[in-house]
Amino acid sequence: MNSNDTNFAAAAHRAAFRPDFAWGSATSAAQIEGAGALDGKGPSIWDAFCREPGRINDGSNIDVACDHYHRYRDDVALMKWLGLKAYRFSFAWPRVQPLGRGLWNEPGFAFYDRLIDCLLEAGIAPHATLYHWDLPLALHTQLGGWPAREIVPHFADYAAEVARRFGDRLASLATLNEPWCVATLGYETAQFAPGKTNRAAAMQTSHHLLLAHGRAIQAMRAETKTQLGIVLNHTPAFPATELEADRKAARLDDGLNVRWYMDPVFRGQYPADVLEHLGADAPRMEAGDLAEIAQPLDFLGVNFYTRSYISTQQPKVPAPGQHGFTDMGWEIYPKALTQHLVRITREYSPPPIYITENGMANADRVDADGRVADAERVAYLREHLAALARAIELGVDVRGYFYWSLLDNFEWNSGYAKRFGLFHVDYETQVRTAKDSAHWYRAFIQAQHAGNEPPKAP
Ligand code: FCB
């Protein structure tokens with residue numbers, strides 16, 4: 001690793017990033033905690049999905065994952081070594097309310113109590129998310145899950161309870177992580193739990209997620225003064241050619257992925273072109289729903305990984321991939337981060353933004369010297385931080401950046417085969433090894449805080 005390179009990147013961007021910028025990393029409960037049935041935790045739809053043959057590419061499950069439930073102190077020590085100012089994690093709803101309604105599970109709350117205290121002792125600001133996909137299974141089997149409107153008040157109750165218990169110790173609290181993935185991958189393409197293929201159910205899910213978000217924000221306002229927001233995944237669509245068909249398809253892709261969520265949250269309406277496209281599959285709504293969804297927010301979380309390259313030709317025009325592709329096959333295209341942040345700022349005047357996820361999967365290996373040489377991830381980080389600095393220079397209000405992920409972990413239907421971590425995890429031994437990218441990020445954060453002094457080599 002080239003430390004001059006780190007110092008140069010850090011020095012170049014110091015002016016862009018505020019002194020109180022939240023340098024962070026992110027994880028989610030289902031992907032790292034393990035302890036799937038311990039201390040009263042109820043099963044989630046992901047526990048069940050993993051048990052269905054063929055759903056998870058490597059046949060794995062989340063019973064143990066990174067065993068973070070037992071190793072959280074060591075993991076917070078890793079964060080402290082990295083110099084993180086902020087950490088984004090999620091509450092597992094079925095850990096604190098096993099059936100998703102009714103009784104609270106005190107041992108489950110006690111775990112988050114310990115984790116939050118441990119973070120605060122380490123000087124790391126806790127940023128939490130309420131729903132990162134692990135729906136209590138009982139809400140799915142007994143109530144019908146997200147396609148059923150009755151789920152909405154249960155989510156609001158859960159949100160209010162978490163806000164009441166933890167709000168004063170959290171730096172921020174987000175309602176949902178990536179509702180597009182929950183709805184589309186869970187109910188239309190079947191890649192994610194609960195594995196359905198019904199577009200009408202997917203769109204109904206998206207509406208109930210948004211309504212649950214709005215209802216939860218209102219319920220939480222009564223309990224806490226902490227910053228409240230939502231986390232959306234944005235994959236900007238680029239037409240492959242100037243063909244009218246490509247441009248129209250890209251516009252629709254943007255409509256389904258970006259505007260379908262941004263318009264109701266920030267404008268109180270669904271995009272007319274997408275409603276028309278959906279026809280009979282458009283969600284059923286009640287009067288007042290859209291007003292409830294469009295609650296004032298304190299922040300917007302944006303998860304950015306790649307762009308969508310939209311081609312309607314046969315065979316498709318492939319994405320050029322000048323910067324390469326990740327181990328997920330996702331094109332690396334940092335410029336889209338700048339462009340997209342500038343665009344949403346102009347079109348929506350959103351509240352302050354956190355980049356709540358950004359990162360890459362790489363086929364990382366610990367070599368004979370105990371080193372993980374992930375030059376690709378170092379380059380990805382460097383380029384995306386440069387793109388972020390550029391957006392800030394162009395006037396976008398960004399308050400923090402969370403690398404996805406702190407640890408290699410359970411990458412949903414890819415199982416443990418895809419490694420996104422700053423730390424390599426050996427799943428046999430649970431040994432964590434700092435990758436070169438962890439050393440790079442650590443030096444970068446140090447240099448950010450080195451004022452105007454020439455940054456020290458790591
Ligand atoms: C996002 C998810 C996160 C992780 C990354 C790679 O869509 O929010 O849990 O799986 O992708």
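**Notebook: pockets in the predicted model**

I looked up the second largest pocket and found that H14 gives the most to its lining, with five residues. The model is predicted: local features need pLDDT of at least 70 and side-chain atom pairs count only at pLDDT 80 or more, while totals for chains, interfaces and linings use all residues. Residues are numbered from 1 along each chain as its sequence is written, and side-chain values use heavy atoms, with hydrogens and water left out.

I noted the terms. A pocket is an open set of points on a 1 Å grid over the protein atoms alone, where a 1.4 Å probe fits, with protein on both sides within 12 Å along at least five of seven lines; lining residues have an atom within 4 Å of a point. Helices (H or I, at least four residues) and strands (E, at least two) are DSSP runs, numbered from the N terminus.

**Second largest pocket**

Strand E6 (237-239), H11 and helix H14 (335-348) each supply at least two lining residues. Among the lining residues I listed Phe238, Arg251, Asp254, His340 and Glu347.

**Largest pocket**

I read a volume of about 1100 Å³ here. Of its 50 lining residues, Trp180, Cys181, Leu185, Thr235 and Trp330 are the closest to the centre. H11 gives the most to this lining, with five residues. Other elements that supply at least two each include helix H9 (179-187) and strand E8 (308-310).

Note on methods: Grid points are joined across faces, edges and corners, and a volume is the space filled by probe spheres set on the points.
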